[in-house]
Amino acid sequence: MEPLPSVVLSEFELDALTELVNLGVSSAAFSLREMVREEVVLSVPKVTIVTREEAIKNLGEREATKLVGVHQNFEGDINGRALLIFPETKSIELVRAVVGGNLSLEDIFELEQEALAETGNVLLNGCLGTIANQLGRSLRISLPEVVYGEGHEFFKVTSPSQTGDRVLFIYINFAVRKRDLQGYIAMLLDMPSLMVLKQLIVSFIERTTGSASV
Amino acid sequence: MSRKVLIVDDSKLARMAVMRLLSELRSGWSTEEAANADQALASFKQSPPDFVLLDFNMPGKDGLALAEEFRSLNPAVSVAVISANHQVEVVNRARAAGAAFLPKPLTQKMLGDFLNAAHTSQVDN
């Protein structure tokens with residue numbers, strides 16, 4: 001049986017991580033709202049520790065259709081991958097919302113890759129940048145890459161033989177209701193990164209509350 | 001004069017951060033914490049606060065719905081919705097519910113400004 005997040009992180013550290021992710025995703029949602037000019041509704045972040053297989057399965061259960069994702073890897077004290085994922089059928093709608101409604105379908109198809117990459121870049125950088133700032137660490141963030149396909153295409157973070165098969169899996173649903181757009185932002189961290197993250201969270205708690213971890 | 005503040009947030013860390021700022025600004029005031037809407041409403045009815053500081057994004061009932069409920073129970077209570085989600089729609093809904101909007105991470109200055117303005121408005125009324 002896989003360990004619960006609370007085995008690796010105390011309940012309070014898990015609380016702090018969720019709050020940290022909330023700050024990051026809210027910043028990303030603000031950027032997306034500016035791009036699509038409609039409110040972006042967010043769920044409360046979920047943090048779990050699962051195997052890669054379970055993460056893929058989880059993704060498959062959420063979305064029965066084919067997916068499109070923009071992913072960016074991050075490196076530094078912690079390593080992982082951040083993803084913006086939504087059903088492939090919504091891809092054109094997202095691009096239309098971002099670039100404006102006056103373009104022809106042909107123009108939108110032409111712009112699709114670039115617009116998706118740029119949207120992902122703004123969102124994921126906003127999210128990761130906010131989290132890194134709060135942790136007092138810098139992260140190197142790769143260029144965005146657009147991927148179409150099934151869940152397993154999205155989760156090739158690092159070789160399982162190097163880092164073990166378990167990952168910290170964080171996800172948050174988002175929706176632009178007026179555009180019938182929904183998807184989610186996900187983050188994956190390998191287990192060695194989680195151990196470093198635990199120490200960074202302890203320092204974050206001390207800075208935020210002015211006292212040692214409870 | 002000692003006043004009472006109700007702090008509502010599903011995150012213990014966020015409640016502690018607010019408590020810290022509050023103790024620095026108003027050390028003699030009494031505080032009550034609630035981790036969800038049900039706890040918050042029970043506390044509000046049992047011992048009405050002068051100020052409520054509440055999170056927007058919580059499981060179950062969100063902070064805006066709760067702000068409206070608090071204001072209908074006691075229109076004189078000063079409510080602030082605290083959230084990292086500062087999209088204009090959220091800020092406007094908070095204001096429409098009669099609440100102030102304070103962005104997260106909360107600073108001492110922002111909280112102090114809210115308490116001063118709310119206190120003035122309570123005294124005037």
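How many bridges join strand β1 of chain B to strand β3 of chain B? Four do, linking β1 (residues 4-8) to β3 (residues 51-55), and the two strands run parallel. Strands (DSSP runs of E, at least two residues) and helices (H or I, at least four) are numbered from the N terminus.

This is a predicted model: local features need pLDDT of at least 70, side-chain atom pairs count only at pLDDT 80 or more, and totals for chains, interfaces and linings use all residues. Residues are numbered from 1 along each chain as its sequence is written, while chains are lettered from A and ligands numbered from 1 in the order in which they are written.

Stay with chain B. Five strands make an open sheet there, ordered β2-β1-β3-β4-β5, with parallel pairing. Strands pair if DSSP finds at least two bridges between them. The edges belong to β2 (30-34) and β5 (100-103) of chain B; each has a single partner strand, so one side of each is left without a neighbour in the sheet. From one strand to the next, the twist averages 20°.

Next, the loop between β1 and α1 of chain B, where B:Asp9 lies. Is B:Asp9 buried or exposed? B:Asp9 is buried, because 26 other C-beta atoms lie within 10 Å. Buried takes 20 or more other C-beta atoms within 10 Å of the residue's own, exposed 12 or fewer, and partly exposed falls in between; C-beta atoms are placed from the backbone. Leaving aside neighbours within four places in sequence, B:Asp9 is in contact (C-beta atoms, placed from the backbone, within 7 Å) with B:Ala14, B:Arg15, B:Leu54 and B:Asp55. B:Asp9 and B:Leu53 are 44 residues apart in sequence, yet 8.5 Å apart in space, C-alpha to C-alpha.

Helix α4 (residues 88-96) of chain B has two faces to look at. Its buried residues are B:Val90, B:Arg93 and B:Ala94. Seen down the axis of α4(B), they fall within an arc of 100° (taken from the directions from the helix axis to the C-beta atoms), so they line one face of the helix. An α-helix has 3.6 residues a turn, so residues three or four places apart point the same way. The cover over the buried residues of α4(B) includes α3 (63-73), β4 (78-83) and β5 of chain B. On the face turned away sit the exposed residues B:Val88, B:Asn92, B:Arg95 and B:Ala96. After α4(B) comes B:Gly98, with a positive phi near 80°.

Now chain A. Its secondary structure comes to seven helices and eight strands. Of its 214 residues, 43% count as buried.

Where the chains touch, chain A puts in 20 residues and chain B 17. In chain A, α2 (11-36) and α7 (191-209) each supply at least two residues of that side. The most comes from α2(A), with twelve residues.

Helix α7(A) packs against α1 (residues 12-25) of chain B at an angle of about 35°, with the axes 8 Å apart. Axes are lines fitted to C-alpha atoms, for helices over the stretch in contact, and angles run from 0 to 180 degrees between N-to-C directions. Here A:Ile205, A:Thr208 and A:Thr209 meet B:Leu13, B:Met16, B:Ala17 and B:Arg20.

Technical notes. Contact = placed C-beta atoms within 7 Å.
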